[in-house]
Amino acid sequence: IHRWKKRVQSELNDQPYVLDPPHLTLINLEIQNEKKALNTISEISKNLNPIELLINTTGVFWDDMLTGGHTIYFGIKNNKALKTLQKIIAEKLSVFTENKDNSINKHKFDEPFLSSQKKYGSPFVGGHWIPHFSISSLHTKKDHPIINDFLLLKPNFKCIANKLSVWHINNNNHTKLKTFFLNEKS
């Protein structure tokens with residue numbers, strides 16, 4: 001992930017997501033009561049075991065609805081535990097979300113993204129969510145050499161997701177609020 005972010009930065013510079021720390025986004029929300037939301041995530045994390053992830057594909061979200069670019073990513077093999085975790089967090093945090101309608105109006109979501117945004121405050125919750133590690137969203141032509149080279153990769157590696165991190169994001173500024181280890185007995 002770092003190597004590809006560095007390549008994008010050196011060849012294209014100033015592309016969306018390229019400066020983001022490597023991560024897998026479970027959900028992105030605007031929260032009203034940060035303290036209660038953090039306590040909720042703490043309770044969830046105590047009851048979950050680490051999840052093994054298999055990164056086995058590359059892909060592109062063409063004309064990404066959030067950036068307008070072509071977002072290249074490493075994809076994760078379908079993983080029931082990860083999807084269950086996302087759904088649990090989305091359901092528990094939906095009571096703390098705000099500005100659901102503002103995001104709908106800003107992005108003009110179609111289904112199933114619209115229903116997800118209305119219910120959870122995030123357009124990417126449920127069966128249409130594609131777990132992934134973003135590299136960058138490229139404002140280039142679809143046949144740019146970085147995209148072509150990236151899509152030729154055949155990744156096949158595993159990692160263990162053993163923690164949840166909560167971040168405050170303001171444009172390209174990422175501030176980690178807290179990290180929770182899965183199945184942590186505090």
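These legends walk through several close-up views of the structure above. The model is predicted, so local features need pLDDT of at least 70 and side-chain atom pairs count only at pLDDT 80 or more, while totals for chains, interfaces and linings use all residues. Residues are numbered from 1 along each chain as its sequence is written, and side-chain values use heavy atoms, with hydrogens and water left out.

View 1. Helices (H or I, at least four residues) and strands (E, at least two) are DSSP runs, numbered from the N terminus. Helix α3 covers residues 80–93, and its end C-alpha atoms are 20 Å apart, in agreement with the 20 Å that 14 residues should span at 1.5 Å a residue; the expected span is 1.5 Å times one less than the number of residues. Look for Leu82, Leu85, Gln86, Ile89, Ala90 and Leu93, which are buried (under 20% relative accessible area; exposed is over 50% and partly exposed is in between, with a 1.4 Å probe and protein chains only). These buried residues fall within an arc of 125 degrees seen down the axis of α3, so they line one face of the helix; the arc is that of the directions from the helix axis to the C-beta atoms. Their packing partners are α2 (34–46), β1 (51–61), α5 (113–120) and β5 (163–170).

View 2. Strand β2 (residues 70–76) is joined to β3 by 6 bridges, and phenylalanine 74 has phenylalanine 133 in β3 as its bridge partner.

**View 3. Around threonine 71.** Threonine 71 is found in strand β2 and counts as buried at 1% relative accessibility. Its side chain makes a polar contact of 2.9 Å with that of serine 137 (a pair of N or O atoms within 3.5 Å; within protein, one must be able to donate a hydrogen and the other to accept it, and residues adjacent in sequence count only if both atoms are side-chain atoms). Leaving aside neighbours within four places in sequence, the residues in contact with threonine 71 include Tyr17, Gly59 and Asp64 (contact means heavy atoms within 4.5 Å).

**View 4. Two loop residues with positive phi.** Aspartate 14 lies in the loop between α1 and α2, with phi near 55 degrees. Aspartate 14 is exposed, at 64% relative accessible area. Tyrosine 17, in the loop between α1 and α2, has a positive phi of about 75 degrees and is partly exposed at 22%.

**View 5. The hairpin of β5 and β6.** Strands β5 and β6 (residues 173–181) pair in the antiparallel sense over 8 bridges. Serine 165 has threonine 179 in β6 as its bridge partner. The hairpin has 2 residues between the strands, and asparagine 171 takes a positive phi near 55 degrees.

Definitions and conventions
Pairing = 2+ DSSP bridges.
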